[in-house]
Amino acid sequence: MSTINSDEFGTTKDGRKVTRYTLSNKSGASVRILDLGGIITEINVPDKDGNIGDVNLGFDSVSDYEEKPGYIGKLIGRVANRIAGGQFTLDGETYHLFINNGPNSLHGGKVGFDQKVWEASVKEDKLVLKYVSADGEENYPGELTVTVVYGFDDDNKLSIDYTATTTKATPINLTNHAYFNLAGHGTGHINDLTVTMHADSYLPLNENTIPTGEIRSVAGSGYDLRQPVSLGERLKEVADGRGFDINFCLDNNGALKLATRVEHGQSGRYMDVYTTEPGMQFYTAYWLANMKGKGGAEYGQFAGLCLEAQHYPDSVNKPQFPNSILRPGETYTQKTIYHFGLL
């Protein structure tokens, strides 16, 4: 059973106090999370020699999390990923969203859930974060009440449980945007990581990085990760060398199943990702700007990878995709587990 301690991390530019929570287990491994945006700031887990290292990109200050791009470590909502043209029609009414990614709305709009200070409480060995998104916030309909529960157990499993209810029909797609590097957050690249993705299909994109609506087999393509693939070579081969920023379709029917494994042979670390979500957005940080991270580490292109368990991008405009509309009387649920172990 993990223990949870808290300390002050700083204040936002508009004067809100930010608290950091440290979830530690009996082996000395730990995860650190802010009430600001539910940000995962550190994941400290052992390597094969027993040395504990931080495998999660992040920053040392609130101001860095406020100012630097990339959504590093943050909870994303009300709708993760892209909505085409920044608009959707629901029950006969058209809603217009903030445009922040080419012609699209990305990751919740101008001020998404990642920029909110959530109401935090500790219940036994879990950190519980709650946020109430007002009806009309970022032009989304309905008052949405969201609870996100973080746990970190003695088996080095980081669990994230999401629930939400709404007063009006609304699209919802919650995820976490942590950037992982099992070699250590400051090593600067992910070339020596190996990835397996348990997905037979993926979503091809149009010129605006919106799914075309087709669900395409990975067979014979660079997106076939059903057997372990070394990223160093594969990154050069997909998307004209830009690597991965694509949604894989998981065949789990809402059950908690293994979706992805990442391995780093030299350190002996692996990470297994289990989720109930139908999609896994795999992003290898081609667009990550050069910046200073924790402890002076240098981050930039391909410095980490994201495995964002979620509904398919632009689902609200694609009726053939799994439903992402939450209605009054229903409860949205999602569970994702990142399990860190040794090969």
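Modeller: This is a predicted model. The structure holds 24 salt bridges.

Biologist: What makes arginine 16 and aspartate 14 a salt bridge?

Modeller: Their closest N and O atoms are 2.9 Å apart. The cut-off is within 4 Å, so the pair counts.

Biologist: Why is aspartate 14 called exposed?

Modeller: Its relative accessibility is 53%. Exposed means over 50%, so aspartate 14 qualifies.

Biologist: And arginine 16, why is that one partly exposed?

Modeller: Arginine 16 has 29% relative accessibility. Buried needs under 20% and exposed over 50%, so arginine 16 falls in between.

Biologist: How do you know that arginine 261 and aspartate 272 form a salt bridge?

Modeller: The N to O distance is 2.8 Å. That is within 4 Å, therefore the label holds.

Biologist: Which parts does this pair tie together?

Modeller: Arginine 261 lies in strand β22, residues 257-264. Aspartate 272 lies in strand β23, residues 269-275. The pair therefore ties together parts 11 residues apart in sequence.

Biologist: What makes aspartate 272 buried?

Modeller: Aspartate 272 has 5% relative accessibility. Buried means under 20%, so the term applies. Arginine 261, at 22%, is partly exposed.

Biologist: Why do lysine 292 and glutamate 298 count as a salt bridge?

Modeller: Their N to O distance is 2.5 Å. The limit is within 4 Å, so they count. Lysine 292 is partly exposed at 43%, and glutamate 298 is partly exposed at 46%.

Biologist: Which residues do salt bridges with shared partners join into one network?

Modeller: Asp200, Asp224 and Arg226.

Notes:
Residues are numbered from 1 along each chain as its sequence is written. This is a predicted model: local features need pLDDT of at least 70, side-chain atom pairs count only at pLDDT 80 or more; totals for chains, interfaces and linings use all residues. Side-chain values use heavy atoms; hydrogens and water are left out. A salt bridge is a side-chain nitrogen of Lys or Arg within 4 Å of a carboxyl oxygen of Asp or Glu. Buried means under 20% relative accessible area, exposed over 50%, partly exposed in between (1.4 Å probe, protein chains only). Helices (H or I, at least four residues) and strands (E, at least two) are DSSP runs, numbered from the N terminus.
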